Amino acid sequence: MTDLRNEMDSDLDQNYSLNSNADPKNMQELTIYVQNLLQNVQDKFQTMSDQIITRIDDMGNRIDDLEKSIADLMNQAGVEGPGPEK
């Protein structure tokens, strides 16, 4: 998570800062600048959302594998699994 935050902060510093060379000169340039800014933010948000979903899916798969491994170990040890919940 820290990597995502550092990457986002770095991108904000690089791509979204107003410097003397990027200052809009008129309303049309300002409009284009804001549209580009919003598109960049949306793209970055989508990328981060995709990364988070991928990590959640990976974690779910790892949990499933862990549960299967525990069940296999319990079977090898001759231990019964948990009974039905009351």
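Predicted model: local features only at pLDDT ≥ 70, side-chain atom pairs only at ≥ 80, totals over all residues.
1. Residues are numbered from 1 along each chain as its sequence is written, and side-chain values use heavy atoms, with hydrogens and water left out.

2. The protein has 2 helices and 0 strands, these being DSSP runs numbered from the N terminus (helices H or I, at least four residues; strands E, at least two). Helix α2 covers residues 27–77, and its 51 residues reach 74 Å from the first C-alpha to the last, close to the 75 Å expected at 1.5 Å a residue, where the expected span is 1.5 Å times one less than the number of residues. After α2 comes G78, with a positive phi near 75°.

3. Of the 86 residues in the protein, 7% are buried, where buried means under 20% relative accessible area, exposed over 50%, and partly exposed in between (1.4 Å probe, protein chains only). Within α2 the buried residues are Y33, K44 and M48. The accessible surface of the protein comes to about 7700 Å², and 54% of that belongs to carbon and sulfur atoms; the areas come from the Shrake-Rupley method with a 1.4 Å probe, and for residues only the protein chains shown count as cover.

4. Which side chains meet in a salt bridge? K68 and D72 do, at 3.2 Å from N to O, and the count comes to 1 salt bridge under the rule of a side-chain nitrogen of Lys or Arg within 4 Å of a carboxyl oxygen of Asp or Glu. K68 and D72 are 4 residues apart in helix α2, and therefore separated by about one helical turn. K68 counts as exposed at 52% relative accessibility, whereas D72, at 33%, counts as partly exposed.

5. E29 lies in helix α2 and is partly exposed, at 36% relative accessibility. Leaving aside neighbours within four places in sequence, E29 is in contact with D23 and P24, contact meaning heavy atoms within 4.5 Å.
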